[in-house]
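Subject: The structure we talked about

Hi,

Here is the structure I promised to pass on. Have it open while you read, and I'll walk you through what turned up.

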Amino acid sequence: MRGEGALVWDADGKEYVDMLAGFSVSNVGHCHPAVTAALAEQAGQLMHYFDLPGEPRERLAARLAAMAPGDRRRRVVFGTTGADAAELAIRLARWYTGAPIILSAYGGYHGTTGATMPTTAKGGMWAYFYPVLPQDSGHAKIPYSYPYRCPVGAAPEHCAEACLEFTRRMLLGKESPFAEHRAGVSNVAAILLEPMQASAGYIIPGAGYLRGIRELCDEFGFLLIDDEIQAGLGRTGRLWACEHEQVVPDMILTSKGLASGLPISAVIADDEVAASWGPGAHVGTFTAGALACATANATLDVYESEQLVKRAADLGSYFLDRLKGLRERHPILGWIDARGLFIGLEFVRDRVTKEPAADETAWMLDFCVREGLLFEKGGYYYNRFQLIPSLVIEKELVDRAVDILDRAMTMAEERSGIAPA
Ligand SMILES: Cc1ncc(COP(=O)(O)O)c(C=O)c1O
């Protein structure tokens, strides 16, 4: 198997338009020459040294701190994987606030380690922890705005507001475990959220949801941990997805695309929060190794030289126009969530009842892969396509993908007797 830009070839040499990009890892495209050159150069100098604060790491830390939204002073703490960063942020939030509970959302995904599994809402994965449950009990779930199927039953345009109201009532109420307001005791350390939910099927919350969550954090005095591991680094057409709502989080998690395939993660935290920890609070043998840091710096250089954030925004709006064209002709396409190159398509048998078209979705995915278009499906009902190409994808490849999707929908509608619009 090999890859170049937004294309991959399998072991038999068959070519695919890659709309998975290693799950948002290959944002600058596969094997970008500037990234592979930096990797080779660093490998010739020093591959690894435990916890060495060398030049690539210092430079990366300073860059990430400067990239955070808002004008707060930031400090960067490195990890090795996405889950490692989430776990780090959970521990740091508890340490800083002295409170035990972490709120996370239905549909959220933050890792599958013992300490992150409680924040990951995947029942199937939970089952594999039996007979020992994920380690931690200081967790609770809040509803996440999913306008097409609002978890608290509101219409799409009111879903954000209704989810916030539900959460606020729980935070205020006496019959929920979050506070004893008369004694001034808060039990909540932080809300840990994806600004747009990736693993749940690339769901974009209703307007105002993230801003409302920030306001709840401020009102009740706990931290906002913003998991930008998939939605961040330009994918949604802004450097950080939280910027769409002018939200400034207390901690930002980044990983996946940061080093184009080498394992690294970082928590970009408020200086005061991170400084409350002493040295050695979070260490790992391979954390922020020289190879990963050099590769991350080269990746960020490509972001700058190729203006990838703007590119994701421009190409994303072109892609969305083409997808809207498909929705006009294909009743099976019930809903489109798209911001930049963070795209979820939801398929239904009937637009009125919204009956999920799970079998059709599986059939269409199979068809698309056979036709040379690579991506994953997901969603609450296994009825969503998840399209997350690299940010360097060419317009012609978007057109090729739309043509394959068009044919897949036509055939699925014919097979299931869904009348074309
Ligand atoms: C939003 C988000 N957070 C955290 C993680 C966990 O990252 P890792 O698989 O590197 O532990 C993922 C992985 O898919 C993710 O999508």
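Let's start with a strand. β13 is mostly covered, with five of its seven residues buried. Keep in mind as you look around that this is a predicted model. β13 pairs with strand β14 (residues 342-350) in the antiparallel sense, over six bridges. If you want a spot to check that pairing, find A338, which stands opposite I343 in β14. The two strands form a hairpin with two residues between them, and there G340 takes a positive phi near 60°.

β13 also leads us to a helix, α12. Which parts of the structure do the buried residues of α12 pack against? They are β3 (15-18), α10 (308-329), β13 (333-339), α11 (358-370) and β16 (373-374). Helix α12 itself covers residues 395-416, so 22 residues, and reaches 31 Å from its first C-alpha to its last, close to the 32 Å expected at 1.5 Å a residue. Its buried residues are L397, V398, A401, I404, L405, A408, M409, A412 and E413. Looking down the axis of α12, you'll find these within an arc of 165°, so they line one face of the helix. K395, E396 and E414, on the other side of α12, are exposed. Just after the helix comes G417, with a positive phi of about 65°.

Now try helix α3 (residues 55-67) in the same way. It has 13 residues and a reach of 18 Å from first C-alpha to last, close to the 18 Å expected at 1.5 Å a residue. Buried here are P56, R57, L60, A61 and L64. They cover an arc of only 130° around the axis, which puts them on the same side of α3. On the other side of α3, look for E58, A62 and A66, which are exposed. The cover over the buried residues includes α2 (33-45), β4 (74-79), β12 (265-270) and α9 (290-305).

Two of the strands that α12 packs against, β3 and β16, turn up again in a sheet. It is an open sheet of four strands in the order β1-β2-β3-β16, with mixed pairing. β1 (2-4) and β16 stand at the edges with a single partner strand each, so one side of each is left without a neighbour in the sheet. β1 pairs with strand β2 (residues 7-9) in the antiparallel sense over three bridges, and G3 stands opposite V8 in β2.

Next, the ligand. How many residues surround the ligand? There are 15, and the closest are T81, G82, A83, I229 and Q230. Helix α4 (residues 82-97) gives the most to this shell, with three residues. By class, the shell has six nonpolar, seven polar and two charged residues.

- Y130 and P131 are joined by a cis peptide bond, with omega about 0°. P131 is in the loop between α5 (123-127) and β6 (139-142).
- F23, in helix α1 (residues 21-24), has a positive phi near 60° although F23 is not a glycine. With 16 C-beta neighbours inside 10 Å, F23 counts as partly exposed.
- Y382 is another non-glycine residue with a positive phi, near 55°. You'll find Y382 in the loop between β17 (376-378) and β18 (384-387).

Definitions and conventions. Residues are numbered from 1 along each chain as its sequence is written. This is a predicted model: local features need pLDDT of at least 70, side-chain atom pairs count only at pLDDT 80 or more; totals for chains, interfaces and linings use all residues. The expected span of a helix is 1.5 Å times one less than its number of residues. A residue is buried if 20 or more other C-beta atoms lie within 10 Å of its own, exposed if 12 or fewer, and partly exposed in between; C-beta atoms are placed from the backbone. The arc is that of the directions from the helix axis to the C-beta atoms. Two residues are in contact if their C-beta atoms, placed from the backbone, lie within 7 Å. A residue is near a molecule or strand if its C-beta atom, placed from the backbone, lies within 6 Å of it. Ala, Val, Leu, Ile, Met, Phe, Trp, Tyr, Cys and Pro count as nonpolar, Asp, Glu, Lys and Arg as charged, and the others, Gly among them, as polar. Two strands pair if DSSP finds at least two bridges between them.
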